[in-house]
Amino acid sequence: KQWYQRRVAITAGDLLKDDIENLYPKCGKLFPEGLKFLKNAEDREEVRRICERFGAYKDLYTGVGDGPNDKTLEDKFFEEEVKMLALSFEQQFHFGVFYAFVKLKEQENRNIVWIAECIAQKNKNKIDNYIPIF
């Protein structure tokens, strides 16, 4: 799943087209058609339209914006990752729970840093914009 996140984040960033193509992995739900479209994307709105064509990314940009209560694209990726990691605890007899535990602890640390930064900057109106884990 992280490969998909990186593809969209790379394309939405400001890199040269030749550099972008070399950074894309050769697998996943966007390979090969989606990557061809993303390679030729000119702006973030075009990336949004391309992502809406593919089922896995259809709702990716819902709630993403520049407003005070809007989420960033990175926040949406983190939310999706937390959902997938939480699902790993619903099955038995696999080692994925250990990976999920570590990744959820990393997210918990990011949440604590976010809350601490909001308090330090006296910006308490954004303190609730952390990524809930469970």
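The side chains of Glu-106 and Lys-103 form a salt bridge with an N to O distance of 3.2 Å, the term denoting a side-chain nitrogen of Lys or Arg within 4 Å of a carboxyl oxygen of Asp or Glu. The structure is a predicted model, in which local features need pLDDT of at least 70, side-chain atom pairs count only at pLDDT 80 or more, and totals for chains, interfaces and linings use all residues. Residues are numbered from 1 along each chain as its sequence is written, and side-chain values use heavy atoms, with hydrogens and water left out.

Both Glu-106 and Lys-103 belong to helix H6, where three residues, about one turn of the helix, separate them; helices are DSSP runs of H or I with at least four residues, numbered from the N terminus. Glu-106 is partly exposed at 33% relative accessibility, whereas Lys-103 is buried at 18%. Here buried means under 20% relative accessible area, exposed over 50%, and partly exposed in between, for a 1.4 Å probe and protein chains only.

Three salt bridges are present in the structure. One of them joins Glu-108 to Lys-105 at 3.0 Å, N to O. Because Glu-108 and Lys-105 are three residues apart in helix H6, about one helical turn lies between them. Glu-108 has a relative accessible area of 31% and is partly exposed, and Lys-105 is likewise partly exposed, at 37%. Another salt bridge connects Lys-71 with Glu-79 at 2.6 Å, N to O. In that pair Lys-71 is partly exposed at 29%, while Glu-79 counts as buried at 17%. In general, side chains of opposite charge can pair when their charged atoms come close.

A further charged side chain, that of Arg-53, lies over the face of Phe-37, at 4.5 Å from the ring centre. The criterion is that NZ of Lys or CZ of Arg be within 6 Å of the ring centre and within 35 degrees of the ring normal.

The structure holds two aromatic pairs, defined by ring centres of Phe, Tyr or Trp (its six-membered ring) within 6.5 Å, with planes under 30 degrees apart counted as stacked, over 60 as edge-to-face and the rest as tilted. Phe-89 and Phe-134 have ring centres 6.3 Å apart and planes at 65°, so this pair is edge-to-face. Phe-89 is partly exposed at 38%, and Phe-134 is exposed at 76%. Together with Phe-101 and Val-102, these two residues form a nonpolar surface patch with about 470 Å² of accessible area.

The peptide bond from Phe-31 to Pro-32 is cis, with omega near -5°, and Pro-32 sits in the loop between helix H2 (17–23) and helix H3 (33–39). Phe-93, which is not a glycine, has a positive phi of about 65°; it is located in the loop between H5 and H6 and is exposed at 82%. Lys-122 also has a positive phi, of about 55°, without being a glycine; its place is in the segment after H6, and it is exposed at 74%. Most residues other than glycine have a negative phi, and most peptide bonds are trans.

Conventions: Patch = residues over 30% accessible without salt bridge, like charges linked within 9 Å, V, L, I, M, F, W, Y side chains within 5 Å. Areas by Shrake-Rupley, 256 points an atom, 1.4 Å probe, with all protein chains shown as cover. Helix = DSSP H or I, 4+ residues; strand = E, 2+ residues; numbered from the N terminus.
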